[in-house]
Structures are given as C-alpha cells and as structure tokens.
Amino acid sequence: MATRVAGNAPSQPSNVVVAATDDSNGTAAPADFERLREILIGDERRALDAAHARIEKLENTQNDLAQRLPGALEAVRSGSETRRMANALIEPVELALGTAVKKSPQTLVDALFPIIGPLIRKAIAEALRNLVADLNSAVESSLSPRGLKWRIEAWRAGVPYAQVVLKHRLTYRIDHVFLSARESGLVLQHQSAPDMPELDADAIAGMLTALGDFVSDSVGGKSGDTLDSFRVGEYLVWVVQGPRANLSCFMRGVPPASLRGLLEQRLEDIHAQFSGVPDKDLRAAGDVALRHEWLQPTTLLSEAGVASEPTQTRPSRWPALLVVLAIAFAIGWSAISRERWHARIEALRAQLNGHAGFVLTGIEARPWRAVTVHGLLDPDAAPLAPEFGAAELGAVTPTLVTAGYLSSDDAIVARRAERLLAPPADVRFAVKQGVLTITGNAPSAWIADAREHAGWIAGVNRIEWALVQYATAKVGA
C-alpha cells in the first residue's frame with residue numbers, strides 16, 4: 001500500500017511519498033512513524049522542551065531567591081550601584097512606611113519610643129540646664145547694682161522680675177546680614193557668621209522684598225507702614241528700611257534694643273556713600289560697607305554689646321538706695337516680729353509648766369498664724385484658758401491637744417479629795433507631801449463614810465483627822 005503525506009517541515013519537499021509496507025499484514029513499521037512524527041511536530045517538540053527547561057530554571061531561581069537576596073544586597077552595598085539602589089527604594093519605602101503608620105500607628109510608636117524618648121529627655125535637660133545657669137547667675141546678682149536696676153525696670157514696666165532677667169541674660173547671635181536695594185530687591189551685600197553655610201542671597205532678598213510689599217499694600221495702606229520684624233522658625237528677622245536700601249538681620253535669641261539703633265546708624269552711614277550714585281551703581285557703592293566691616297555679624301555683636309551699656313549719663317542712686325532701705329526694713333521688721341513671737345511662746349511655755357495638774361509635752365507654733373499645745377491634763381486641774389489669754393498671741397487662739405492622767409500635785413490631790421468626798425461646808429482639806437489633813441466640823445455619818453473612802457483617793461499616802469463631830473447637821477449647812 002502506498003501513502004502520500006504532504007508536510008510543512010522545511011527539511012522535506014512539499015510532495016514526499018513515504019511508503020511503508022509490512023509484508024505480513026500490510027501495516028506501517030514503527031521507524032516510519034517516528035520519522036513521520038519528526039517531520040510533522042519535531043520543531044514544536046524541541047521548542048516546547050526548551051520552554052519547559054526555561055520555566056524549570058525560573059522556578060528554581062525563584063525558590064533560591066530568599067537565599068540569594070542577602071548576598072545580592074551586600075554586593076550592591078559594596079559596589080558602585082549603592083546610590084541607584086537607594087534612589088530606587090525611596091518611593092517604595094515611603095509608601096510602605098505611610099501605609100504602616102495608617103494601619104498600625106502604635107507599632108511604629110513602640111518601635112521609635114526607645115529612640116525618641118532619650119532624645120527628648122536630653123534636649124529638655126540641656127534646655128533646663130542652660131535656663132538654670134541663667135537663673136543662677138541672675139540670683140547671684142540679684143542684690144548687685146545691675147540686679148537692682150533690673151528690679152526697678154520690672155517695677156516700672158509692670159512685668160515679672162524673671163521676665164526682665166531672661167531678657168537680659170539670654171544670649172543671642174547674628175547669623176546673616178543682607179543689604180538690598182529698596183525698589184528692585186537686588187542684593188548689594190551679604191555677610192554671614194563664620195560658621196554658617198552659604199545661602200541663596202538673591203532668593204532670600206526677593207522673599208524679603210515680596211513680603212515687605214505685601215505687608216505695605218495689604219496692612220500698611222495709606223499710612224505707609226512697613227515690615228519691621230518677623231519670625232521664621234528659630235530666626236528673628238529685623239528689617240531696617242531706608243530711602244534707597246534696606247538692611248535685614250537674621251538673629252537667634254533675644255537681641256537688645258540697642259542693636260536696632262546700631263543697625264539704623266549703619267544704614268545711615270551706607271546711605272551717605274550712596275549720595276550722587278545712580279541706582280545701577282549701588283552694588284559698587286555697597287562695597288564700602290564691606291570694606292569698613294559695617295555688616296560683619298561679629299562687628300555688630302561687639303558694638304551692640306558696648307552700646308547697650310549707659311555711658312552718657314549716670315543714673316541716680318536714690319531708687320537703688322530706697323530699694324535697699326525697704327529690703328533692710330522688711331528684714332529687720334521680720335526679725336523683730338519673729339523674736340517677739342518666740343519670746344511670747346517661751347513665756348507661755350513657762351506658764352504651762354507651772355500649771356498644776358498639766359504636763360506640757362510640746363508646742364507647735366507658726367509665727368502669728370497658729371499654735372498647738374500638746375500635754376497631759378488631770379481632770380481636777382484648773383482651766384488653761386487664762387494662761388492662753390495672758391500669753392498675748394494676738395489673733396491666734398491656741399489649740400489644746402491633751403491626754404488624761406492623774407497628777408500627784410498637792411493642790412490637785414486636795415481638789416480630788418474634795419470632789420470625791422463631798423464634805424460639808426465647815427470641812428477643810430489640806431495636802432502636803434501626800435498627807436491629807438481634814439479639819440472642821442462634820443456630822444458623824446459623814447465622818448464614818450469619809451473614813452471608809454478617804455484611803456482610796458489617788459495620791460493620798462496618809463490621813464490626819466482633826467474633826468469635831470456632831471450628831472445632826474447644822475441648820476443652813
């Protein structure tokens with residue numbers, strides 16, 4: 001049997017006749033089928049095998065990614081692609097961090113707490129240390145002429161003394177000084193402190209000009225008010241306006257008022273150099289300020305410190321003398337008042353120690369405010385109110401805190417015997433060193449009862465009887 005097969009394989013012609021005949025039963029041989037399969041799908045099978053090989057390789061690569069990733073990151077960190085890697089990770093890290101903050105802010109807080117806490121405490125401790133140093137210096141000089149001057153200043157201004165102290169004691173520094181043309185905003189000169197980085201002077205001058213124009217147009221109105229000062233973060237900016245140029249000073253801290261006067265004087269000196277100079281040549285004229293170091297921050301600091309001290313007139317000593325006299329009078333009056341108080345407390349202590357039936361254990365006294373007396377008081381003792389009244393403690397009423405006890409004083413024992421035996425009117429009691437002497441006239445019934453109970457009285461060691469008895473009670477007894 002003959003079979004014609006047309007295949008698209010490039011290695012065979014389009015009309016190839018493949019004849020495979022089995023002599024026994026007329027079927028095709030296996031070798032012929034393999035050749036036919038190779039002709040028909042050989043290329044596809046090889047492409048499929050290559051695809052399977054690539055997929056298997058990719059799967060193996062993905063499975064080994066966790067083991068290979070640390071080494072790859074280390075290679076990038078030590079190579080020349082570090083900056084590229086960092087730039088590529090900026091946005092993903094920012095996005096991941098923002099998502100984490102929104103989803104679980106407490107986790108981020110817990111992670112940053114060990115870092116932020118010590119930093120905050122360190123910053124606060126440093127700020128408090130500087131503040132305490134300033135206050136200590138102020139306290140040490142509180143009675144000095146400068147301290148008295150500050151107290152008078154606080155009294156005249158109606159502000160707390162601490163506020164005046166902080167105003168004078170806090171340090172300040174000048175970081176940048178800009179001299180710019182008033183109309184165009186062109187920077188004529190720019191000086192910075194030695195340790196400060198360079199700034200874009202033109203951009204800052206343009207910002208100052210725009211801000212000044214905005215304030216003048218929107219707030220100043222027809223009055224012609226201009227921008228004198230403003231704050232930018234930790235910086236205090238003073239702007240001194242001139243006819244043709246403005247002077248801007250960037251500072252940190254609390255500058256003295258004398259600095260503004262110095263800046264105005266410097267601007268006047270600079271304008272004196274602008275006389276007859278056209279606007280286009282102002283920058284060249286501004287070099288004069290640079291040559292004379294008028295705008296150097298260190299020069300301004302030193303001259304402002306000198307200018308802050310009064311040199312023309314000597315202040316009167318009467319205010320300081322009056323303050324010293326007032327303080328001395330207050331201290332003396334307080335000492336005299338306290339001494340009078342202690343003398344009266346000691347007098348009260350002596351009176352209470354001599355009071356029969358009372359044992360003083362302590363006195364708590366706040367001068368001219370409160371007195372508390374602690375002690376032991378016999379029930380038969382005399383009241384203590386007369387003793388308190390004789391102490392002359394002013395409007396202070398002493399508070400008595402007592403505990404009960406039995407006194408062995410002769411007067412208290414006699415009063416105790418009189419209370420317990422309830423004698424007739426003609427019977428008298430006397431106690432001396434524990435010996436009770438009973439004298440007078442008494443009925444026989446009372447005498448019998450007294451003989452039975454007198455020995456039970458606390459403080460009585462022996463009884464001497466000197467009574468005249470009668471059978472019936474006297475009339476009117």
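A pocket, as I use the word here, is an open set of grid points with protein on both sides within 12 Å along at least five of seven lines. The model I am reading is predicted.

Entry on the pocket. I looked up the second largest pocket and noted about 290 Å³ of space in it. Its lining has 15 residues. Arg182, Gly212, Asp213, Gln241 and Asn246 are the ones that lie nearest the centre. I then checked which elements give two or more residues to this lining, and found strand S3 (172-181), helix H7 (201-220), strand S6 (235-241) and strand S7 (245-253). Helix H7 supplies the largest share, five residues.

Entry on helix H8. I found H8 at residues 258-273, a run of 16 residues. From first C-alpha to last it reaches 23 Å, close to the 22 Å expected at 1.5 Å a residue. I listed its buried residues as Leu259, Leu262, Leu263, Arg266, Leu267, Ile270 and His271.

Entry on Glu153. I placed Glu153 in helix H5, which covers residues 145-157. Is Glu153 buried, exposed or partly exposed? Its relative accessible area is 23%, so I put Glu153 down as partly exposed, since buried would need under 20%. I also looked up Val164, 11 residues apart from Glu153 along the chain, and the C-alpha atoms of the two are separated by 7.5 Å.

I noted a nonpolar patch of about 340 Å², made by Ile120, Ile124, Leu128 and Leu131. Ile120 belongs to helix H4 (residues 105-140). With a relative accessible area of 45%, Ile120 is partly exposed.

Key
Residues numbered from 1 in each chain as written. Predicted model: local features only at pLDDT ≥ 70, side-chain atom pairs only at ≥ 80, totals over all residues. Heavy atoms only, no water. Helix = DSSP H or I, 4+ residues; strand = E, 2+ residues; numbered from the N terminus. Expected span 1.5 Å × (residues − 1). Buried < 20%, exposed > 50% of the residue type's maximum accessible area, 1.4 Å probe, protein only. Patch = residues over 30% accessible without salt bridge, like charges linked within 9 Å, V, L, I, M, F, W, Y side chains within 5 Å. Areas by Shrake-Rupley, 256 points an atom, 1.4 Å probe, with all protein chains shown as cover. Salt bridge = Lys/Arg side-chain N within 4 Å of Asp/Glu carboxyl O. 1 Å grid on protein atoms, 1.4 Å probe; cavity = no way out; pocket = protein on both sides within 12 Å on 5 of 7 lines; lining within 4 Å. Points joined across faces, edges and corners; volume = space filled by probe spheres on them.
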